[in-house]
Amino acid sequence: MYNLIGAGMIVIGGGIGLGMIGSKAMESIARQPEAAGKIQTAMIIIGALLEGLAFGALILGK
Amino acid sequence: MVATKSIKFLVVFVLALTSFTAFAQEDVVENNLVDSPDEIREYIAHHLKDSHDFHLYTDNASGTHYGFPLPVIVWTSNGLKTFMSSAFHHDDNGEVIVDKDGTQIVKYHTKIYELEKGATALNFDEEQHPTNASRVIDFSITKSVFGMLLTGLLMFLGFGALARGYKKGKTIPKGFSRVLEPLVIYVRDEIARPNIGEKKYRNFMGFLLTVFFFILILNLLGLSPLGFNVTGQIAVTACLGIFTMVIYVFSGSKDFWAHTLWMPGVPVVLRPVLAVIELIGFLVIKPFSLLVRLYANITAGHFVVMSLMALMITMKAAFGPVGSTGVSLILSIFIMFIEILVAFLQAFIFTMLSSLFIGMAVEEHDEH
Amino acid sequence: METLLNDFSVGLFFMQAFILLILIVLMRKFAWKPILDALHDREEGIQNALDAAEKARLEMQNLTASNEKLLQEARIERDGLLKEAREMKDNMISAAKEEAEVQANAMIVKAQIAIEGEKNAAMAELKSHVATLSLEIAEKVLGQELSSKDEQLALVDSMLAEAKLN
């Protein structure tokens with residue numbers, strides 16, 4: 001039960017983080033469309049790091 | 001040339017599959033279908049684990065399993081024992097005991113145990129853990145190992161053909177190699193070069209390319225109906241993560257170690273603390289996040305795909321057979337496309353982060 | 001974490017490590033090295049070709065530039081020559097003009113001097129003539145009888161008509 005609540009909290013935190021990364025990346029791409037490739041790569045890397053953190057927490061709590 | 005070869009290979013492969021089909025015909029399982037939520041959950045959990053035989057599907061009406069057995073190689077207290085997995089007769093509950101030169105071997109929930117001396121059946125405690133048996137070290141050619149060998153073979157054939165094409169003096173590849181070449185160039189120019197640096201990236205290309213295509217092909221094989229779940233095995237991803245760690249630890253430059261162990265520009269009191277944090281980061285957290293990311297993504301992907309496929313059974317009461325099948329089909333096709341994207345993305349991210357960490361380790365700082 | 005550790009198969013880990021290691025070594029030797037070398041060679045070839053083309057273009061440019069320069073120089077030289085010739089011509093003409101003027105002036109001066117001389121000589125001769133004439137007239141007048149005033153005047157007139165002034 002408790003680990004389900006924990007998992008929910010992890011998902012909320014991860015979702016907020018991913019949303020912020022995504023929104024800022026979109027803004028940057030809109031501002032500088034010629035740098036879209038670089039921004040995308042950086043976005044994916046940061047997203048992956050965040051994902052690793054969230055998954056680590058999920059797995060540890062399982 | 002390559003295309004005909006691969007077709008031949010596939011034909012041989014399929015024939016090999018069919019020739020083993022009826023290897024356990026006498027084995028009759030309960031004649032019920034997988035149709036309750038509990039059974040579905042168990043089925044999915046079973047799929048996510050490794051298995052000791054190559055099982056394609058079971059015809060429940062006749063109790064025939066389609067697939068073929070794989071060799072079991074275990075290191076027991078009496079030394080190395082090998083036999084075919086057909087000896088277990090598809091038992092996964094520790095009921096069939098294989099006697100190999102006096103060593104009693106049973107399989108329980110896809111793990112192989114060695115019974116203690118004198119025991120005639122597996123006993124369990126309340127949590128369903130066996131009490132009178134010990135785990136053995138299992139070097140079997142399991143389904144995952146088989147998948148890895150297959151991947152290795154595919155990589156060897158594909159890239160061997162590409163390399164041979166170049167050697168023949170043809171500067172532009174033909175056929176399937178034409179697909180592989182841009183991927184190789186992508187890994188080199190978009191992943192390795194910018195992260196590791198122009199000077200040193202060449203030393204790591206072998207590892208990065210191998211790992212990229214290894215993960216990519218295994219991810220894609222996992223989406224095929226053959227039912228592999230290799231990159232969803234924690235042991236496999238752990239091995240990949242530890243490989244990356246070993247590589248960047250052993251190729252770390254003097255600057256890197258100086259900065260990790262005795263960070264300049266920080267008060268001396270803080271330096272040991274920072275060193276501990278950095279060391280834990282490099283030796284534990286980074287490889288752990290690498291391996292857990294890959295494992296969790298692929299496992300979650302398989303889980304979601306299979307759950308959506310199971311919708312056609314669980315929703316049958318609500319939508320009727322046609323409606324539930326349609327919903328399940330649309331949703332699984334949709335999620336399948338996402339999973340193909342994830343297969344590429346995870347291979348990319350693993351390679352990308354590996355090269356990022358390697359780049360951090362080999363970077364030479366200017367004198368401050 | 002517990003289930004994860006429970007799922008971890010040491011044997012699979014070793015098999016994976018073994019297979020991956022062999023795969024890396026084999027792929028490195030038989031696939032990646034030739035592929036990367038070939039790609040590198042090809043890129044280098046393309047780069048070289050591009051460089052050569054650039055070099056040829058630059059050379060061509062240099063050539064045209066030097067041609068242009070030569071032409072320009074030739075034009076300048078021609079212009080210089082023409083100008084020089086024109087100047088020389090002008091100089092010659094003006095020099096000739098000057099000389100002619102000087103000579104003309106000199107001639108005029110000479111002529112003037114000569115005229116002056118002649119005039120003086122003529123005047124002197126005239127004076128002497130007039131003197132002799134007047135003397136003769138006077139002689140004649142004194143010789144003849146000067147009866148009337150009219151006869152005297154007529155005599156003077158005839159004498160004057162006789163005495164041609166040169």
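These are my notebook entries on a predicted model, taken one topic at a time.

**Entry 1: chain B**

I began with chain B. I counted nine helices and nine strands there. Chain B has 368 residues, and 48% of them are buried. I then looked up its accessible surface, which comes to about 18300 Å². Carbon and sulfur atoms hold 67% of that surface. I also checked contacts in chain B between residues at least 6 apart in sequence. Of these, 60% join residues at least 24 apart.

**Entry 2: the loop between β6 and β7 of chain B**

Next I looked at backbone angles. B:His109 has a positive phi of about 50°, yet it is not a glycine. I found B:His109 in the loop between β6 (103–108) and β7 (111–115) of chain B. B:Thr110 is in the loop between β6 and β7 too. B:Thr110 also has a positive phi, about 60°, and is not a glycine either. I asked myself: is B:Thr110 buried or exposed? B:Thr110 is buried, at 11% relative accessible area. B:His109 has a relative accessible area of 38%, so I noted it as partly exposed.

**Entry 3: where chain C meets chain B**

I turned to the contact between chains C and B. Chain C brings 32 residues to it, and chain B brings 48 residues. Together the two chains bury about 3700 Å², with 75% of it on carbon and sulfur atoms. Which three residues supply more of the area that chain C buries than any other three? They are C:Leu12, C:Gln16 and C:Trp32, with 17% of that area.

I counted four residue pairs in polar contact across this interface. On the chain C side, α1 (2–7) and α2 (10–143) each supply at least two residues. The largest share, 27 residues, comes from α2(C). By type, the chain C side has 22 nonpolar, five polar and five charged residues.

**Entry 4: salt bridges between chains C and B**

Side chains of opposite charge can pair when their charged atoms come close. I wanted to see where that applies here. How many salt bridges cross the interface of chain C and chain B? There are three.

I looked up B:Arg188 with C:Glu43, whose closest N and O atoms are 2.7 Å apart. This pair runs from helix α4 (residues 177–196) of chain B to helix α2 of chain C. B:Arg188 is buried, at 2% relative accessible area. C:Glu43 is partly exposed, at 30%. Both residues belong to a salt-bridge network that also links B:Asp189, B:Arg193 and B:Glu198.

I then checked C:Asp37 and B:Arg202. Their side chains form a salt bridge at 4.0 Å, N to O. C:Asp37 sits in helix α2 of chain C, and B:Arg202 in helix α5 (residues 201–223) of chain B. C:Asp37 is partly exposed, at 30% relative accessibility. B:Arg202 is partly exposed as well, at 38%.

**Entry 5: chain A**

B:Arg293 is buried, with 1% relative accessible area. A:Glu51 has 23%, so I wrote it down as partly exposed.

Last, I looked up A:Met9, in helix α1 (residues 2–31) of chain A. A:Met9 counts as exposed, because its relative accessibility is 57%. A:Ala54 lies 45 residues away along the chain, and the two C-alpha atoms are separated by 9.9 Å.

How values were computed:
Residues are numbered from 1 along each chain as its sequence is written. Chains are lettered from A and ligands numbered from 1 in the order in which they are written. This is a predicted model: local features need pLDDT of at least 70, side-chain atom pairs count only at pLDDT 80 or more; totals for chains, interfaces and linings use all residues. Side-chain values use heavy atoms; hydrogens and water are left out. Contact means heavy atoms within 4.5 Å. Buried area is the accessible area (1.4 Å probe) that two parts lose on being put together, summed over both. A polar contact is a pair of N or O atoms within 3.5 Å; within protein, one must be able to donate a hydrogen and the other to accept it, and residues adjacent in sequence count only if both atoms are side-chain atoms. Helices (H or I, at least four residues) and strands (E, at least two) are DSSP runs, numbered from the N terminus. Ala, Val, Leu, Ile, Met, Phe, Trp, Tyr, Cys and Pro count as nonpolar, Asp, Glu, Lys and Arg as charged, and the others, Gly among them, as polar. Buried means under 20% relative accessible area, exposed over 50%, partly exposed in between (1.4 Å probe, protein chains only). Accessible areas come from the Shrake-Rupley method with a 1.4 Å probe; for residues, only the protein chains shown count as cover.
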